[in-house]
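Please keep the sequence and the model in view while reading.

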Amino acid sequence: SALLSAAMQAGVDEQDLAFADARRQLLRSGALPVGHVGEQLLDGIGEQAWQAISCWQQYCQRFPDAGALQELSLATGVHDHPFLLEDWLTDLRQDNEQRKARLSVVAGELKDKPHRLLGDWTLHLLANSCDVSISTVVIGSDQVITLAPIASEQARDYLYTLLQGWLAALTGPLPLACRTGLALVAAEQAAASGTSKANPLNKARDAYQGSDYGNARGEVHYANQQALRRAFADFDALMTPQHGDEPAFLYWARALYGPLLAHCEASGHE
């Protein structure tokens, strides 16, 4: 958000002023409802943003040395299809023991929202695949998600699977919905660890179609999911395509999202 960007780009001694100035600009921009309603909404947004900024400041102290921009480039291939993956590492920092971490700050909450980690996860895999051993620290307003360093060979295997999924989706609608797949895998991992007895398929069905409990709307009904609705109108339709001896939805959800959830470590703000 504009509030986060303003505070993070300012110097340490100027962050309060930059944050306040960005808040005033946002209030005058016309992006918010007019009057008291807009001010109340901005108060909530501002509080969440400042909570994340305060936590980011603490991690900057833990990793005091700011690193230079680092280019990433990985040539690979999947089924005779060549790929060149390129990106840049920003917000890379280092602690006194030479351990590297990339700090990523997101607007809003992270609890029970693993879909907000997908971009950081992909960059984390690319960096570690390029033999840049880093942790990725994703900071939200409510908690911190840490992705530990991954051995380069393992990271490349995970990236290879992501590319397989991307290629499969080019040949036809992939029977996979992001939040639904994450809900399934999270429930399976919770059941395996004994922290939950909920049925993973029921969790996935509710995530996809919605639930009467709390009038929760399902992913298939989101305004930006018209293509998903056309291809898979309900959860039974999503479960119909097969991959070998199992529903393709189960295969792709576990293959694409299982590693992410397995490598997440959540903690509260310090």
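Six strands make up an open sheet of mixed pairing, in the order β1-β4-β5-β6-β7-β12. At its edges lie β1 (65-66) and β12 (264-268), each of which pairs on one side only. Here helices (H or I, at least four residues) and strands (E, at least two) are DSSP runs numbered from the N terminus, and two strands pair if DSSP finds at least two bridges between them. The model is a predicted one, in which local features need pLDDT of at least 70 and side-chain atom pairs count only at pLDDT 80 or more, while totals for chains, interfaces and linings use all residues. Residues are numbered from 1 along each chain as its sequence is written, and side-chain values use heavy atoms, with hydrogens and water left out.

**The sheet and its helix**

Within the sheet, strand β5 (residues 100-105) runs parallel to strand β6 (residues 134-139), and 6 bridges join them. Contact means heavy atoms within 4.5 Å; axes are lines fitted to C-alpha atoms, for helices over the stretch in contact, and angles run from 0 to 180 degrees between N-to-C directions.

**A hairpin**

Strand β2 (residues 70-78) and strand β3 (residues 81-89) pair in the antiparallel sense over 9 bridges. Glutamine 70 has leucine 89 of β3 as its bridge partner, and glycine 77 is bridged to proline 82 in β3. The two strands form a hairpin with 2 residues between them, and histidine 79 in the turn has a positive phi of about 50°.

**Helix pairs**

| Helix pair | Axis separation | Angle |
|---|---|---|
| α1 (residues 2-9) and α2 (residues 15-28) | within 8 Å | roughly 155° |
| α5 (residues 152-171) and α10 (residues 248-262) | within 10 Å | roughly 140° |
| α4 and α5 | 8 Å | about 135° |

The crossing of α1 and α2 is right-handed; a crossing is left-handed if the near helix is turned anticlockwise from the far one by less than a right angle, and right-handed if clockwise. Ala2, Leu3, Ala6 and Ala7 of α1 make this contact with Gln15, Ala18, Phe19, Ala22, Arg23 and Leu26 of α2. By class, these residues are 8 nonpolar, 1 polar and 1 charged, where Ala, Val, Leu, Ile, Met, Phe, Trp, Tyr, Cys and Pro count as nonpolar, Asp, Glu, Lys and Arg as charged, and the others, Gly among them, as polar.

For α5 and α10, the axes cross at roughly 140°, which makes α5 oblique to α10, and the crossing is left-handed. The contact involves Tyr158, Thr161, Leu162, Gln164, Gly165 and Ala168 of α5 together with Trp252, Ala255, Leu256 and Pro259 of α10, and its residues divide into 7 nonpolar, 3 polar and no charged.

Helix α4 packs against α5 at an angle of about 135°, which makes α4 oblique to α5, and α4 passes α5 in a left-handed crossing. Trp121, Thr122, Leu125, Leu126, Asn128 and Ser129 in α4 meet Ser152, Ala155, Arg156, Tyr158, Leu159 and Leu162 in α5, a contact with 7 nonpolar, 4 polar and 1 charged residues.

**The chain as a whole**

The secondary structure of the chain comes to 10 helices and 12 strands. Its radius of gyration is 21 Å, close to the 18 Å that the globule rule gives for 270 residues, so the chain is as compact as a globular protein of that length; the radius is taken over C-alpha atoms, and the rule is 2.2 Å times the number of residues to the power 0.38. Along its principal axes the C-alpha trace spans about 60 × 50 × 35 Å.

Notes. Angles under 35 degrees count as roughly parallel, over 145 as roughly antiparallel, 65 to 115 as roughly perpendicular and the rest as oblique.
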